[in-house]
Amino acid sequence: MSEAVEITINGRTVSASKGELVIAAAERAGEYIPRFCYHPRMSSVGMCRQCLVEIDTGRGPMLQPSCMVPVAPGMAVDTESETTKRAQEGILELLLANHPLDCPVCDKGGECPLQDQAFSHGPGESRYVEQKRNYEKPIPISELVFLDRERCILCDRCTRFADEVAGDALIHFIDRGNATQVNTYPDEPFSSYFSGNTVQICPVGALTASPYRFKARPWDLEQVDSTCTSCSVGCRISVHSSRDRVLRFQGVDDDDVNWGWLCDRGRFNFESIHSEGRLAEPHVRTADGLTSTGWNSALQVAAGLISDAIARSGPASVGLIGGARGTNEDAWAWAALCDALGVTRRDPQLGDGLPASILGLPRASIADAAAASTVILLGPDLKQELPVLHLRLRDAAVSKRTRIIEFTSTGSGLTAHAWRSIRHAPGTVADSVAATLADPDVAAQLAAGPVVVVAGRADLAESPAFTMAALDRILSAVPAATVLPALRRGNVVGALSHGLAPSTTTDTATAILRDAAEGRLEVLILLGADPLVDHPDADLARRALAGAGRVIAVDGHLSTSTREADVVLPAAIMGEKSGTTANLEGRVSRVEQKVTVHGTARPDWMIAVELASMLGHDLGVGSVEEISARLPVGVGGIVTVAAPASAEAPAPSVPLGGYDLRLIVSRVLYDSAVSTVESPSLAGLASGAGLLLHPLDLERLGVPTGSAVRVTGPRGSVVMSVCADDRLQRQTAWAPFAQPSTDGVSGDIREVIDAGVAVTDVRIERL
Amino acid sequence: MGTYPWAPGFIAGDRPRIVTSRFEFEDSFTLERYLATGGYAGLRAALAKSPSEVHDQVRASTLLGRGGAGFPAGVKWGLTPEGVFPRYLVVNGDESEPGTYKDRLLMERDPHQLIEGCLIACYAAGLSRCFLYIRGEMALAQERVAAALNDAYAAGYVGRNILGTDFGVDIVLHWGAGAYVVGEETALIESLEGNRGMPRLKPPFFPAAIGLYGKPTIVNNVETLSNLPFIAANGPEAYTAIGTETSPGTRMVAVSGHVQRPGVFEIVNGTTTFRDLLYGDDFCQGMRDGNDLKAFVPGGGSAPWFVADQLDLPFEGRLVGAAGSMLGSGAIMVMDSNTDIPSAALTLTRFYAHESCGKCVPCREGGTWLMRILERVVAGQGSTEDLDLLLEVGSSICPGDMPHAASAELGLEAVPFPYKMTTICFVGPSAYVPVHSALTLFRSEFESRVTPSRPRVRIPVTAAGGGA
């Protein structure tokens, strides 16, 4: 806490910190001041006037909004005076004047700040007998959010959030005075990745999210705090369920991580817990295809496949891909099983991350990054891949604490806030970094204070070695810099840290798949992995699943890859199991079981323990608690297990030349990932496959925008529809990863990517 | 007879004139006329002195702001934090208070005087850029000021190296989009920045500290600035020689309503009384048709009303404040004995309810609620309970004692200005002020309109605890 200031609240002397607002100081002192527009994570506007209290700064008591007034020495605050009470009652009566009072059919009823504060601070009755304001009852303002303007009290929370926090100012006040309303621009929906937060912070039932509308009453909900594992930010959530079904996630304000915010994918993909694609029982492939069976026989078949393979060709003929979707306990158990069997080939990433050696570098936390004087972005567009980390860094940049230096091929959600946004073609980032570091202004900025590098995989059509080489350059130029690994998968850091990291480059997922494709792998275990959809090299993945002797899939859903497996073991997914997870910082937090597992599914760790026992090994654990006790770091700690060093050779830059376009493929928030596809509310939000080019390149190629072209790369060719986008550089082409074909024309861009080629140059022909 | 066809509404009279000295010339808005009548002499005189000397002159003149609050301009200029640059001058030409039409005449008839005033203010207060915000509806004023500014740029009075010195300032013109609240200085700044015209809360957004684009900003009214050329050219003594010590100089007042001769007058500040103004031969020449005076609004539509008891008060802010109202924007609206008081109150309240920006709940909801109740009452469908409800709803906008005038007839003592308010700016209270004045001074006129209410049975409500 900074400098202390003494004030009196209702006659009691209270210590507050300098700059703290009266409303916050009073709340800490146990004096709750009613409020609607005030939100501790946003700037104050003093709009609702509900928090008026009498404040005396030496000139007599004056009614002032306590959300706008910072504490000052000697200030006397009276939250209970007659004037204060009269003012607060008056405001509440006015707020309710045009409120429809449809609480019995309002989703917010029972957890509504307006309802609660009308009881605690209101006059008890209304004298308003005039006609109330009428608007069309809820209008959709996006695919996910409905707006009821009659209930709205115009507190400016959602509009402020959209503008200040998310940077998507797509909702705003329109009209004036008594006719003021919140709305979108005409024909422009509130299509923000963060729209669900507005629903959570709405102090009335004006904003509701379609997945939760009319599903439950708040007093029927059970809740437990947990962690979102949709990506590796690890936002703290509260899981709400009723009648054994998860009905919503709410963000929990964690100072270190998410500040209460969630992205829409994380908030709404709970729907996949109860989706139709869930696996309810084990399956074994017979002559009739996948046939359901009991656990005992399925495990026996799986154990038999593994033991036969090891007996015949040794443990190197077994490979395991996945594990990043599970808990730390799951990772530990599967790693223990592999260790017991002598299987060394394991990788929780799917050729879409960075070498595990990045975890051995000096680690930064999210808070470090948000407080650093410089953040170097050497990775993907965080808004697309790690949305809440994007919000934290955006806040750091907007509030001028932090300068962002961004190395990107396409621009990103933070480009507008970056101090330097430096473009490079795929394969040349190290040169770009070297040139930038030579700039004296940049050197001065890097010397000015702490530097955090956020490093991740920006381009799935490019070898990760380029990023690692660029990272090496930065770290040798700024030895004090720390690294925040922007690896994307939910518990990838936990899996890498708890024994599932590949020990050599021949153990990576791509190497395992290559061996499988060439018939050198007897058993391929997919631990919640879907390489047919998720590996950048579609052709390799296809050949691998066809070429592997046998495939054992442990998965919550019947995914594309699971359909090809020989043994399918249904797994419990997040919400159905307890344990711990580690976010990208390595921060360990709890995930909690809230609902009964689907069908006979079991948590991954239990499957590993049982497989081990069938294979004659005792892992020595019988419960998740026993495994937790064996983990090196408990809840709240940071996993710092040194990951094995990378043996990949640093790649030289590959200059651009000829008539080729260099392909950039990166992820967007909504893609064909199983948790998105299996969530009905999110499934339709994917942008769809397509290819973007600089308009001048399109002109040069004589291709009109919107037309279909044949894209030919090192692996093969695919038809895509093409559009112009002037944010791209010349001679590059961008395509979103793992997108459904929504235009009926575009194929899967992964068809042209060869995981063995350093960069992907493509040619484009008109059809 | 002291009126000019090219300055409709203006009545010169036999009085000292400072800001309207050129109104007698048909071409007073041209640079030629301006220069021929001593124009830009004040700027020359100011540039010959140091900025702080000019600032001292303005301080010594006790020039009071003419926008409504009556804060001394010289003091206001001194409120900017030291060493923070750039700092801006914003000219509030968004004159929209009901009954007020003096700034429009000043901009239409003497735009160079305003420009010269801006330049002197920028020089004295160290302001690097001036933003001249003119109300959207004032097409002629916009045209005249724009033409004058072009001429002044061409003649080297505005821009770089003004009159050969190293002093330079640019003036940026901006037209409003027609919102009353933008006359409030922080809402004007929001509007100038391209946002919705909504007031900012003071503190922390005192324009002098955090104003336009977050920089220290002085916001001055058109009439205030139009006084500066005279002060700079003739010295503060010439200015304070007119009027009283606390209210020196002249001020523009606009009289409308039931008088024989409504119009805009430049009157001597501090000594002229309301009786002089409303009944003087040189001014309004009494009530129309020889009727009696019923009430008048002394300082724009948002000022509490006065009655005949207050006629002998002079135009002196403190005295008017103690008597329960304010001088405000200098608009006097006169109601004679034929006036239907509830309708008059409704007219004013409807305006302020309509002009609410929608930011503060008491104004947004309360203003419209007041209007609805009044509509009922005026239509003869109200009850006696509605009259109390008007005061109750009003007290949610203005808690505590409301200022009002004394009335010997009713045995009322004055309650001095100002009121307390639960809103950020004065628009919300302004919707209630006419209701309160009318109900306090003319309650019988309301009571004759309404039917007695049936007694209500109040069912006690037990408050439950808890919060959000």
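A:Val453 touches A:Ile376, A:Leu378, A:Leu471, A:Ile474, A:Ala481 and A:Val483, leaving aside residues up to four places away in sequence; touching here is contact, with C-beta atoms, placed from the backbone, within 7 Å. Everything below comes from a predicted model: local features need pLDDT of at least 70, side-chain atom pairs count only at pLDDT 80 or more, and totals for chains, interfaces and linings use all residues. Residues are numbered from 1 along each chain as its sequence is written, while chains are lettered from A and ligands numbered from 1 in the order in which they are written.

**Core and burial**

- A:Val453 turns up again in the largest nonpolar core, a set of 389 residues in which A:Val453, B:Val90, B:Cys118 and B:Leu370 touch the most other members.
- Such a core is made of buried Ala, Val, Leu, Ile, Met, Phe, Trp, Tyr and Cys residues joined through C-beta atoms within 7 Å.
- Helix H6 (residues 111–125) of chain B gives the most to this core, with 10 residues.
- Buried means 20 or more other C-beta atoms within 10 Å of the residue's own, exposed means 12 or fewer, and partly exposed is in between, with C-beta atoms placed from the backbone.

**Chain A overall**

- Chain A comes to 24 helices and 33 strands, counted as DSSP runs numbered from the N terminus (helices H or I, at least four residues; strands E, at least two).
- The radius of gyration of chain A is 28 Å, close to the 27 Å from the globule rule for 767 residues, so chain A is as compact as a globular protein of that length.
- That radius is taken over C-alpha atoms, and the rule is 2.2 Å times the number of residues to the power 0.38.
- The C-alpha trace of chain A spans about 90 × 60 × 50 Å along its principal axes.
- Buried residues are 57% of the 767 in chain A.
- Of the contacts in chain A between residues at least 6 apart in sequence, 74% link residues at least 24 apart.

- Chain A has an open, antiparallel sheet of 3 strands in the order S11-S12-S13, where pairing takes at least two DSSP bridges between two strands.
- Strand S11 (222–227) and strand S13 (245–251) of chain A are the edges, each pairing on one side only, and the twist averages 30 degrees from one strand to the next.
- S11(A) is joined to strand S12 (residues 236–242) of chain A by 6 bridges, and A:Ser226 has A:Ile237 as its bridge partner in S12(A).
- Chain B has an open, parallel sheet of 4 strands, ordered S3-S2-S1-S4.
- Strand S3 (170–175) and strand S4 (217–221) of chain B each have a single partner strand, so one side of each lacks a neighbour in the sheet.
- Strand S1 (residues 88–93) of chain B pairs with S4(B) over 5 bridges, and B:Asn92 stands opposite B:Asn221.
- Helix H7 (residues 139–154) of chain B lies across strand S2 (129–134) and S3 of chain B, at about 160 degrees to S3(B); axes are lines fitted to C-alpha atoms, for helices over the stretch in contact, and angles run from 0 to 180 degrees between N-to-C directions.

**Where A meets B**

- The contact uses 34 residues from chain B and 37 residues from chain A.
- On the chain B side, H14(B) gives the most, with 8 residues.

How values were computed. Two residues are in contact if their C-beta atoms, placed from the backbone, lie within 7 Å.
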